[in-house]
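Welcome! Take a moment to look over the sequence and the fold, and then let us walk through a few of its features together.

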Amino acid sequence: MHTTTIIGLEVHVQLQTKTKVFCGCTTAFNPTQPNVQTCPVCLGLPGSLPVLNREAFTLAVKTAMALNCAISPYTKWDRKQYYYPDLPKGYQISQYDLPFSEDGFVELEPLETEEGTGETRRIGIIRAHLEEDAGKNTHDDSGRKADSQVDLNRAGTPLVEIVSQPDLRSPSEARRYLEELKLLLTYLGVSDCNMQEGSLRCDANVNLHIHTDDGHKIPTPIVEVKNLNSFRNVELAIEYEEKRQLEQWKKTGQKIGDVAKETRGFDAARGVTFAQRGKEEASDYRYFPDPDLVPVIVSEEFLEGIRSSLCEFPADRRKRLAAAYQLSTYDASVIVGQGLEFAEYYEEVAKLCGDGKQASNWVTQDVLREMNERNQTIAQFPLRAAVLGNLLGRITSKQITIKSAREVFATLLSETHARQVLSSHQIDQIIAEKGLALVTDTGAIEQAIADVVAKNPKIVADFKGGKQGAIGPLVGQVMKAVKGADPAVVRNLIAEKINSM
Ligand SMILES: [Zn+2]
């Protein structure tokens, strides 16, 4: 017997508009001042009328295009009716049978494993639709039975719901899909995807296909785990469901269709999912077209305008960086995966120093490490691309060694105070002060080599006896005597000298 895990994800993404989707209230995240960003429309007062925010619709279409979805020429708004304190109208404006987009996909890069390179995974997108967010209920968890409270600042914020096909096959693949989706949406600038602030939320539909030894395939009942608020929790909740559903099947023999679809929550502290209410069917929501909103006719000119404004997608950028700068797929993924600004930073450094590989090594190791230690984003990092490009250009043109460049890099950063911007002029100063300029005066190097060779007859004898590695210490001594010499040059000159003796 073996099992296959079947996962489909529903992702809610808050769009980065200035104002809400059907009124003019601001969408700023403002948890300390509840209910100040509201008006008659988003409070659901009688007689108020919603008006579609064009910017929200534009960002939603942008999102769907990046997901390779077909955009409908005609789309409409429906009321999804349910009562909840954070939903003052008693219904949510959403899209039911005519979403603005459907039938797309997201591609996941092949994984490099010990068995070799995997294949590109294409995860289908059933649909992406636009809707309004509800408010937020806060409950007193202290056990002192204080009142629950409602904050409607968030009510009416535009959300795109992205529903995937059940194409994901493992908890880690679900995580990779979410990471790729987040990267794509942040590159597009349609959402900040900040999970702490609830800008990206995820529900996971999970079940197992149990393949028995006698060749039968038994699907277990589908469970929806709601409101997963971190990628790690998505992975953990699915891992837990894999074990739980197999146990449950062994105990009860229940398969899909035997019981109603179940909604579960995830308790991150205990690492378990738990049963919630029974899942509503679409008919429970009594959807009907919103009579206050006109349907949207999407023109080809409107679509063309958006299409021409789209940026290069992360997947395309990875391919282009790998080809243009001779990078490995892995390095290109690390650079692109850090976000748009980081990728732009890398490209500027690579162009300035003329060595894409060298730039990649520095940016993915030295710069990333320093950024993490300082808890800074690339935009806050004091060493701008122009300065790092200048520094690395001196390696390419053999003015300094890589080792010296590291010393300059560290010195530059140690001299910075908060928010101070560093200049290339400081590089010259540090190189001069520390005597790091590569010595091309071969006379000085040859003199140092002659001294060192004369003082180390044992090493010279070992080298002559065939121990190539023996001259390492001699290289070190010469480098000490002549600061800024190129170690590769010194090594060759020492070997020449000894061989000629
Ligand atoms: Zn409002």
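Asn 68 sits in the loop that links α1 (54-66) to β2 (70-71). Helices here are DSSP runs of H or I with at least four residues, strands are runs of E with at least two, and both are numbered from the N terminus. This is a predicted model, in which local features need pLDDT of at least 70 and side-chain atom pairs count only at pLDDT 80 or more, while totals for chains, interfaces and linings use all residues. Residues are numbered from 1 along each chain as its sequence is written.

Most residues other than glycine have a negative phi. Asn 68, however, has a positive phi, near 60°. (A residue is buried with 20 or more other C-beta atoms within 10 Å of its own, exposed with 12 or fewer, and partly exposed in between, with C-beta atoms placed from the backbone.)

Arg 286 also has a positive phi, near 45°. With 11 other C-beta atoms within 10 Å, Arg 286 is exposed.

## How α5 packs on α6

Two packed helices are described by the angle between their axes and the distance between the axes. For helix α5 (residues 314-324) and helix α6 (residues 329-337), the angle is about 135° and the axes are 9 Å apart. (Axes are lines fitted to C-alpha atoms, for helices over the stretch in contact, and angles run from 0 to 180 degrees between N-to-C directions.) That angle makes α5 oblique to α6; angles under 35 degrees count as roughly parallel, over 145 as roughly antiparallel, 65 to 115 as roughly perpendicular and the rest as oblique.

Which residues meet here? From α5 come Pro 314, Arg 317, Arg 318, Leu 321 and Ala 322, and from α6 come Thr 329, Ala 332, Ser 333, Ile 335 and Val 336. (Contact means C-beta atoms, placed from the backbone, within 7 Å.)

The domain assignment, which is automatic or from a database, lists domain 1 (2-302), domain 2 (314-434) and domain 3 (442-499). Taken over C-alpha atoms, the centres of domain 1 and domain 2 are 38 Å apart. Seven residues from domain 1 and seven residues from domain 2 form the contact. On the domain 1 side, helix α2 (residues 171-188) gives the most, with four residues.

Note on methods: Two residues are in contact if their C-beta atoms, placed from the backbone, lie within 7 Å.
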